[in-house]
Amino acid sequence: MAQTETSTSPRSIRFANFPNGHPLKGSIKYPDSEILSVDANVAPLEGSRHAVLGPRLLLMIIILLMILCLSQSTDDVGKGSLDSTVMTQMEVLDAGGELTSPLSEMSMKQDLQVVDLMQYTPLGGVFYYNVFYLPPQAHQVNGWKIQTGNCWTTGCRSSPTLRRGPTRTAEEQVSNPPVGVTFTLPDSVFFLETPQVARWDDAGKQWRLDEITDVLYEKDENKISIKMASFQPLVLLQETYANFPFQSWELRPLGQDVALFTINGALIDLRIKIQGDQCMLQLEQETTLPQLTNRWLSVSALQTAIINAGINVFVNEHSEKYVSTCAKDPLTEHAAYEQMALFASACAFSWSKWNTSCGSEHLVLQACEHHGADPVPKESWSLYLLGAQRYKKLAITDQSEAFSPEHDPGSEFHSTFIHMLQDSMSAGGVARTRESHYLFVNTVQSLLCGTRPLMYA
């Protein structure tokens, strides 16, 4: 009786030899030069019909195996081409190159003209201007009022002289040159720099800086002149963080639950007087923003008014992308603001130039006990190093030539800033801090956390 064995090799198939059989051999070559071979002897069965059927069956098996091998070779070639493509890209990256497509480069160039509303703030509202056809003048004749045209239904109509879009043909550019317009800026805003002018792109639903030429800003007359090739809504933009980083800052008490927070910005200085839960903006130029200065507002209302007026000093989660800062540990920074607010009725705090030299895990600021409305004398300031677990008084001053973390030999280490300050405070000063109203403390803390002077100065 015939028996069949299959070879253990995954690349070959071999049938056992039958006695008096008909030899039948075949071989198939793989793409990797390995050979799949078939070697068989088929025994004749009774009758000529069965003797012929055996070899035909084996031929069919060989043909099927050849088809399978050809399909596998095709898949291997496809994989090889894909692998070579990936390796080519990896080689480009290893060589320090960048993989960019023409579409991405075009989108990057186009995005340069799109206004980033995180970086810029619209000031003064939206300006609309256009050219209209006015209805003809009516005539009085024998008690009749005669007026030509269909003015009763159409009214004022926009002039088609200029196309309402940035795309114009060469003929239209010659026959219809850009239109110049000059307008007076509103008194409710203050521009620290020459404002950017943007137009509204209705198709893209975005503000754009292109298609606007010949911008002339007359600061003394508070006017701006531009030229545009089309009639579109306009807006004046200013960098949201134009007044950053701060050059210095100071928080000093003026009495019980009264303090003055001074910020010397990059372009303008301002003072915020704090009394209870109310704040008042004070500027050196009294004629600047008269509707905003010398008015008592809450912290949130003051923040909104300052941003809309163009003299922003507040930060948000996007500020670090547009302002150079000295990175600090946020937990240590927040803890410092809390303790400064608790002692704001009796202690003064100020900026230190060594805050950028102590590392991200520490803060350095000046502090001292102070009473009265007079400025703090320079010799009264002491330098303090604030950390996550330890606070200490430094031996150096802000006028020293180099930074040193060595503590003052006459001071002790403390785990909180307020205990560190109490070592050098009078009994009256400590009593004043304990009588501070919680609304005043909360207002001071909100201002400090909203401006973050220890990070943005």
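Mentor: Start at leucine 365: its bridge partner in strand 22 is tyrosine 384. This is a predicted model, where local features need pLDDT of at least 70, side-chain atom pairs count only at pLDDT 80 or more, and totals for chains, interfaces and linings use all residues. Residues are numbered from 1 along each chain as its sequence is written, and side-chain values use heavy atoms, with hydrogens and water left out.

Trainee: Over how many bridges do strand 21 and strand 22 pair?

Mentor: Five, in the antiparallel sense, between residues 363-369 and residues 382-386. Strands here are DSSP runs of E, at least two residues, and helices are runs of H or I, at least four, numbered from the N terminus. Two strands pair if DSSP finds at least two bridges between them.

Trainee: What's the strand order in the open sheet?

Mentor: The nine strands go 19-18-17-16-15-20-21-22-23, with antiparallel pairing. Strand 19 and strand 23 are at the edges with a single partner strand each, so one side of each has no neighbour in the sheet.

Trainee: Which strands does helix 6 lie across?

Mentor: Strands 15, 20, 21, 22 and 23, and helix 6 runs at about 10° to strand 21. Axes are lines fitted to C-alpha atoms, for helices over the stretch in contact (heavy atoms within 4.5 Å), and angles run from 0 to 180 degrees between N-to-C directions.

Trainee: And helix 9?

Mentor: Helix 9 lies across strands 15, 16, 17 and 18, at about 10° to strand 16.

Trainee: Switching to helix 5, which residues are buried there?

Mentor: Val299, Leu302, Ile306 and Ala309. Buried means under 20% relative accessible area, exposed over 50%, partly exposed in between (1.4 Å probe, protein chains only). Down the axis of helix 5, the buried residues fall within an arc of 100°, so they line one face. That arc is of the directions from the helix axis to the C-beta atoms.

Trainee: What covers them?

Mentor: The cover includes strands 4, 17, 18 and 19, plus helix 9.

Trainee: OK, salt bridges: how many does the structure hold?

Mentor: Seven, each a side-chain nitrogen of Lys or Arg within 4 Å of a carboxyl oxygen of Asp or Glu. One of them joins arginine 452 and glutamate 333, with the closest N and O atoms 2.7 Å apart.

Trainee: Where do those two sit?

Mentor: Arginine 452 is in the loop between helix 9 and helix 10, and glutamate 333 is in helix 6, 119 residues apart.

Trainee: Buried or exposed?

Mentor: Both are buried.
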